[in-house]
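This report goes through one protein model, from its overall make-up to single residues. Please keep the sequence and the coordinates at hand while reading.

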Amino acid sequence: MVWGAANPVGKPTEAETPLRSVQIDGQVVMKIVKHCSEQAPTLVTGQLLGLDIGATLEVTDCFPFPNQDAAAAEGEEDDGANYQLEMMRCLREINVDNNTVGWYQSTYLGSYYTEELIETFLAYQENIKRCVCVVYDPTKSASVGTFGLKALRLTDRFLEIHRAGEFTFEKIADKSLSWADIVCEVPIRIANSALLSAMFGELTRSVASEEKHGVTQSDADRLAVSSAPFLEKSLEFLSECMDDLAAEQQKVAHYQRFLSKQQSQQAQWLTKRKAENAQRRAQGLEPLPEEEDPSNPAHKPSAEPSRLEGFLIANQVNEYCTQIQATATASLRKLTLVAGSQGCGDVVPAVDSKA
Amino acid sequence: MGAAFLPVHGAGKVASVRVHPVVVFNACDSYVRRQETQERVIGTLLGTVRHDGVVEVKNSYAVPHNEQNGQVYVDVEFHRAMIDLHLRVNPAEKIVGWYSTGDGVVPTDALIHEFYAHECHNPVHVTLDVTFADRDRLVRAWVGQSLALGSKDASKEAEKPDAEGGEASAAEGILNATTAIHFQEVALVNTFDAAERVGVASLAATNADVVTDGDDLGATAAKLRGMLEKASAYVDAVVAGKTKGDAEIGRRLADALSSVPGLTKSQFEKLFGESAQDALLVTYLSNVTKMQLMLAEKLQTASLLI
């Protein structure tokens, strides 16, 4: 899924100004929401178009990518690229900013920290210095009543390390990069044209004034007390993730054990060789080389496991935890509300769940 | 959206049109981005037609066009290319009609409508008034019926609806038209479900922050409270004999009341305690997990530095 590689119109910008915020058109938000929730539970992706102005990245339009399964069934790698180019050409004709600034993707319960994400990021980053990934979680809106839209980008430090080559222990220690420093969130702002704002204001006037209090769908979603299914699924994912993390740690531990064993073997070999050489010298013979010999199994360097996977899993676990905490806090508050409305306010245990 | 439903004679099976907000967004955007010389923009509407004649407009894209002296040039190639691309993403969305900016129907619409009549059966025409002439009817939907110019009889003329003004013939001023289109307004419903989820207020604003971790429960509770107060005020007024009770409202109130589970205090306490404990346990668990993660990181990096 390396869509970005097919895109030739990456506008090189000076990377000096850091990206402070992402400004998204209401239109784009609606399109993303529509595409992602219509195709759910299939995960979908699409391209973001816009302009890169100073510290803000303006996303003014987007278009969806066809379903990957369908594209794969046709067996056409180029097909996706063709679709993309054709769409961009068409959009240019109707005066849309046809400058790729990133992509969007849907996610299920916030499980988006994958190697694929990083790969796609890197592919995009080759052409576009500053690109973002907008992640939308349709499940969140429906079950918690909050709006699950996030803009992500890779941190400069991670990119630096990645550019330098392999993702090894030494490099990470060198830059003191922790798992939290791979991806960072960029604040999102919604912007609209004045026309649209006026139009929408007029159209929703009746909705907003209805019943005077303007009860909306998200109000109803928000009041739903049952958060158990959401929590259950999140916990399930979390425990799966923990298993993965344990496996990953096992791998690292295994490697470390192997390394220390190898080092002691090497030391042994060296002392042996030195003793041998001392003997040979005493006998007046040419000393044997004391350098490492690659044919010797004790010196064979073993491949170091990539830390990226572990880092991503850690991120994912963190994401789940945050999500679970938020949901649990919200449901506690709702419970308190229910207790209050039932006239049983006194049963509420004094809990500060945020602490 | 304020338009009343008019019985549509001979206009196919289009009963009403439901417009997804994304279409409004798209139309506005394309109007803002139009060519300098262009007075209005048109575009293709995509969606589905339900069995009961409700046309759901779910998506749209702008189509370049050019109007001069009653002649219209629509970029058909562009339209075809776009529809191909859209069908690859969502094959379920077919062409259902077209939109244009402007208040009501203008003469050249007949030509465009005829073009879309070849693209789909019974196209709908949605107009979006960007001049805000009539604030209550910014978005309007029309269906067209092809008429042979000669047979435009008096009965049709006589049937022009009253104050709604929902009918307009667009035959005049078309140079090469052999047929005229008889436009009739149909009911239009805006569906804002999706927009509401995002927050209508933040979406409609010219510049707003997204409320992702919305701390809106307070606001929602306040709304709920307001509604309850209103209901109880009404009930009090009826009981006091100040207002005449409406049976329909009474039934609704009874429904609402009966949906409240009748729990005793001890039952409720038990339920409440269980749920609260669940939530707290889960919070605790996730906190422990986070702690574990941090600890693992610290220990790992510490041991690796050797």
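## Chains

The model is predicted. Chain A has 355 residues, 50% of which are buried. Its secondary structure consists of 12 helices and eight strands. Among its contacts with a separation of 6 or more, 75% are made by residues 24 or more positions apart.

Chain B has 306 residues, and 43% of them count as buried. Nine helices and 11 strands are found in chain B. Of the contacts in chain B between residues at least 6 apart in sequence, 66% join residues at least 24 apart.

## The largest cavity

The structure contains five cavities of 30 Å³ or more. The volume of the largest cavity is about 330 Å³. Its lining comprises 29 residues, and those nearest its centre are Lys31(A), Pro64(A), Asn59(B), Ser60(B) and His86(B). By class, the lining of the largest cavity divides into 13 nonpolar, nine polar and seven charged residues.

Which elements supply at least two residues each to the lining of the largest cavity? In chain A they are helix H1 (26-39), strand S3 (56-64) and helix H3 (77-93). In chain B they are helix H1 (21-32), strand S3 (54-63) and helix H2 (76-89). The largest share, six residues, is supplied by H1(A).

## Aromatic pairs

Over all chains, the structure has nine aromatic pairs. One of them joins Phe63(A) and Phe65(A): the ring centres are 5.8 Å apart and the planes are at 85 degrees, so this pair counts as edge-to-face. Phe63(A) and Phe65(A) are both buried. Together with Tyr83(A), Phe63(A) and Phe65(A) make up one aromatic cluster.

A stacked pair is formed by Trp103(A) and Tyr124(A), with 4.9 Å centre to centre and 15 degrees between the planes. Trp103(A) belongs to strand S4 (residues 100-106) of chain A and Tyr124(A) to helix H4 (residues 115-127) of chain A, so the pair ties together parts that are 21 residues apart in sequence. Trp103(A) is buried, at 1% relative accessibility. Tyr124(A) is also buried, with a relative accessible area of 1%.

## Cysteines

How many disulfides does a search of the whole structure find? The search finds zero disulfides over all chains. A disulfide is a covalent bond between the sulfur atoms of two cysteines. In this model a pair would need its sulfur atoms within 2.5 Å.

For Cys36(A), the closest cysteine sulfur is that of Cys62(A), and because the two sulfurs are 9.0 Å apart they are too far for a bond. Cys36(A) is buried, at a relative accessible area of 0%. For Cys321(A), the closest cysteine sulfur belongs to Cys241(A) at 9.3 Å, which is likewise too far for a bond. Cys321(A) has 0% relative accessibility and therefore counts as buried.

Helix H12 of chain A spans residues 308-341 and includes Ser331(A). Is Ser331(A) buried or exposed? Ser331(A) has a relative accessible area of 6%, so it is buried, the limit for that class being under 20%. Leaving aside residues up to four places away in sequence, Ser331(A) touches Ser227(A) and Ala279(B). Gln323(A) is also placed in helix H12 of chain A. Gln323(A) is buried, its relative accessible area being 4%. Gln323(A) and Ser234(A) are 89 residues apart along the chain, while their C-alpha atoms are separated by 8.0 Å.

Glu240(A) lies in helix H11 (residues 228-283) of chain A. Its relative accessibility is 44%, so Glu240(A) counts as partly exposed, a class between the 20% limit for buried and the 50% limit for exposed. Glu240(A) and Val317(A) are 77 residues apart in sequence, and the distance between them in space is 9.5 Å, C-alpha to C-alpha.

Definitions and conventions. Residues numbered from 1 in each chain as written. Chains lettered and ligands numbered in written order. Predicted model: local features only at pLDDT ≥ 70, side-chain atom pairs only at ≥ 80, totals over all residues. Heavy atoms only, no water. Helix = DSSP H or I, 4+ residues; strand = E, 2+ residues; numbered from the N terminus. Buried < 20%, exposed > 50% of the residue type's maximum accessible area, 1.4 Å probe, protein only. Contact = heavy atoms within 4.5 Å. 1 Å grid on protein atoms, 1.4 Å probe; cavity = no way out; pocket = protein on both sides within 12 Å on 5 of 7 lines; lining within 4 Å. Points joined across faces, edges and corners; volume = space filled by probe spheres on them. Nonpolar A, V, L, I, M, F, W, Y, C, P; charged D, E, K, R; others polar. Phe/Tyr/Trp six-rings, centres within 6.5 Å; stacked < 30°, edge-to-face > 60°.
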